[in-house]
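Here is a protein to look at. Take a moment with the sequence and the model before reading on.

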Amino acid sequence: MTRAEFLTRLRRGLNGLPPETIDEIVADHEAHFVEAQAKGRAEAEIAAALGNPERLAREVRAEAGLARWEADKTPGNAVAALVALIGLASIDILFLLPLLVGVVSSLTAIFVAGIGVFFAGGVVFVAGPFAAPPGGPLVAILAGVGVMALGVLMCAVMAVLTVWLVNFLVWFGRLHYRLLKPALQQSNAGDI
C-alpha cells in the first residue's frame with residue numbers, strides 16, 4: 001500500500017469527526033511516513049508497520065465516542081459510544097451481542113412496564129374515589145399515588161441500570177483496547 005492509499009483510507013475511516021481532528025491525525029501518520037522514508041524504508045513497508053488504516057480509524061472514533069460519553073452522559077452520546085465500541089470490538093460483539101440484546105430487552109420491558117404502572121396508578125387515583133372502594137375515597141387516592149410512585153421508581157431504577165450498563169460497556173471497550181494497544185505498540189515500535 002502506498003502513502004497516498006493509506007492516508008486516503010485513514011481519512012475516509014475518520015469521516016464524521018471534526019475536520020481539525022481528522023487533519024491532525026492524518027498529519028501525524030504522514031509524519032511517520034516522512035520519518036521512516038528518511039531512514040530508507042519503502043512506503044509499503046511503512047504502511048504495513050502502521051497497521052490497517054480502517055482499524056486505526058475505528059480506534060480513534062471509539063476513543064472519541066467514549067470521551068464524549070464520559071464528558072456528557074446523554075442518550076445520544078451513549079448511542080455514539082456503543083456504536084463506536086461495536087465497531088472496535090467487532091469480533092467480541094459476536095459473543096456479547098446475545099447477552100447485550102437480552103439485557104437491553106429486559107431493561108426496555110421493565111421501563112415500559114414502569115410507564116404502564118404509572119398510568120394505571122393515575123387511573124386508580126382519578127377514578128378510584130368514584131368507584132366506591134372498600135375503605136373510602138381516601139384509600140383509593142392513596143393507592144393511586146402509591147402505584148404511580150411504584151411506576152416512577154421502576155423507571156428510575158431502569159435509568160440507573162442503563163447508565164451502569166453503558167459504563168460497563170465503556171469500561172469493557174477501554175480494557176479491550178488497552179490490552180491490544182500495548183501489543184500493537186510493541187510490534188510497531190520496532191517496525192517504524
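This is a predicted model: local features need pLDDT of at least 70, side-chain atom pairs count only at pLDDT 80 or more; totals for chains, interfaces and linings use all residues.

Residues are numbered from 1 along each chain as its sequence is written, and side-chain values use heavy atoms, with hydrogens and water left out.

Q: How many helices and strands does the protein have?
A: Helices (H or I, at least four residues) and strands (E, at least two) are DSSP runs, numbered from the N terminus. Along the sequence the pattern reads α-α-α-α-α-α-α. The count is 7 helices and 0 strands.

Q: What share of the 192 residues is buried?
A: Buried means under 20% relative accessible area, exposed over 50%, partly exposed in between (1.4 Å probe, protein chains only). By that cut-off, the buried share of the 192 residues is 28%.

Q: Which helices do the buried residues of H1 pack against?
A: In H1, the buried residues are Arg3, Phe6, Leu7 and Leu10. They lie on the same side of H1, because they cover an arc of only 90° around the axis; the arc is that of the directions from the helix axis to the C-beta atoms. The face turned away carries exposed Ala4 and Arg12. The buried residues pack against H2, H3 and H4.

Q: Are H1 and H4 roughly parallel or roughly antiparallel?
A: Helix H1 (residues 3–13) and helix H4 (residues 53–71) pack at about 30°, with axes 8 Å apart. Axes are lines fitted to C-alpha atoms, for helices over the stretch in contact, and angles run from 0 to 180 degrees between N-to-C directions. Angles under 35 degrees count as roughly parallel, over 145 as roughly antiparallel, 65 to 115 as roughly perpendicular and the rest as oblique. H1 and H4 are therefore roughly parallel.

Q: Is His29 buried or exposed?
A: His29 sits in helix H2 (residues 19–38). Leaving aside neighbours within four places in sequence, His29 is in contact (heavy atoms within 4.5 Å) with Phe6, Leu7, Leu10, Leu50 and Leu56. Because its relative accessibility is 15%, His29 counts as buried.

Q: Which residue just after H3 takes a positive phi?
A: Helix H3 (residues 43–50) has Ile46, Ala47, Ala49 and Leu50 buried. These four are on the same side of H3, because their arc is only 160° around the axis. Just after H3, a positive phi of about 100° belongs to Gly51.
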